[in-house]
Amino acid sequence: EMSALSRAQRDKVANFQTVTGAPAKLAAEFLKRYSWSLDQAVDTFFNDPSQSFISRAPVRQVDAKKLDLFFRKYKAEDDGIGSEGIQALCADLGISALNPVTLVIAYYCHAEHMGIFTREEFIGGMTKLGCEDPQALRAKLPELNAMLTDRTKCKEIYAFTFQFALDQGQRCLPADMCVEFWKLLLAQHFALLDKWIAFVEERVKNAISKDTWMMLYDLATQVKPDLSDYDMNGAWPVVIDEFVESVRGSSV
């Protein structure tokens, strides 16, 4: 059903889901009902008590002043949190800046570029998470980490990461950069990760497209580890076909 929607409509569905936590199908139904007006659909969703879906614990209200202090604690001179601020935040959270949970935080902030959180991104993300200080965010880390082990949620973070890592005007990511993200995001989901990385390092000279990036997630999560149910005639990218052939060839 989602494939029948325009890109703008799919973006609205994604926005609706981020704000409400609703499944895609429900998001699309609400948006259609209100002629794709995001604000109207979201307002109605929250004001309609018959929506049994909102049995989830509501996100606690955050204090705007505290949130402002939280942002200022890490911001650089130019009103954004830069790499030094991110390092300091990670230190206060007790994690390395290379911990994959940082990608979950960036995902919640809808961050556009690596190494920087704008004021709007950071405040928006912390509001969504209900965190108004570093302690609250630190307490939330186990929940955010759990998203990385959930196959469906991790796929959203995985898709976000590709866009997030692109430089302006780029459409593909350098393979060596992808390898670092695969190690962070796929270790728990892809039995053949080490073989895939060795294959990429040896054989892949070109940058990785979004299509290949996303199809790899499907390979990791939907195909048996022994690749016995991989369909060579399916719509897989050539590089994934070649990888499967190389694994099958070496195990004969």
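**A close look at Asp 218**

Leaving aside its neighbours within four places in sequence, Asp 218 is in contact with Lys 155, Val 223 and Trp 236, where contact means heavy atoms within 4.5 Å. This is a predicted model, in which local features need pLDDT of at least 70 and side-chain atom pairs count only at pLDDT 80 or more, while totals for chains, interfaces and linings use all residues. Residues are numbered from 1 along each chain as its sequence is written, and side-chain values use heavy atoms, with hydrogens and water left out.

Asp 218 belongs to helix α12, residues 210–222; helices here are DSSP runs of H or I with at least four residues, numbered from the N terminus. With a relative accessible area of 15%, Asp 218 is buried, a term that means under 20% relative accessible area, whereas exposed means over 50% and partly exposed lies in between, with a 1.4 Å probe and protein chains only.

Turning to helix α2, which spans residues 24–33 and includes Lys 25, one finds that Lys 25 is exposed, at a relative accessible area of 54%. The C-alpha atoms of Lys 25 and Val 13 are separated by 8.7 Å, the two residues being 12 apart along the chain.

The loop between α2 and α3 (38–47) holds Ser 35, and Trp 36 is found in this loop too. Phi of Ser 35 is near 45°, a positive value in a residue other than glycine, and phi of Trp 36, also a residue other than glycine, is positive as well, near 60°. Ser 35 is exposed, with a relative accessible area of 64%, whereas Trp 36 is buried, at 15%.

Definitions and conventions. Helices (H or I, at least four residues) and strands (E, at least two) are DSSP runs, numbered from the N terminus.
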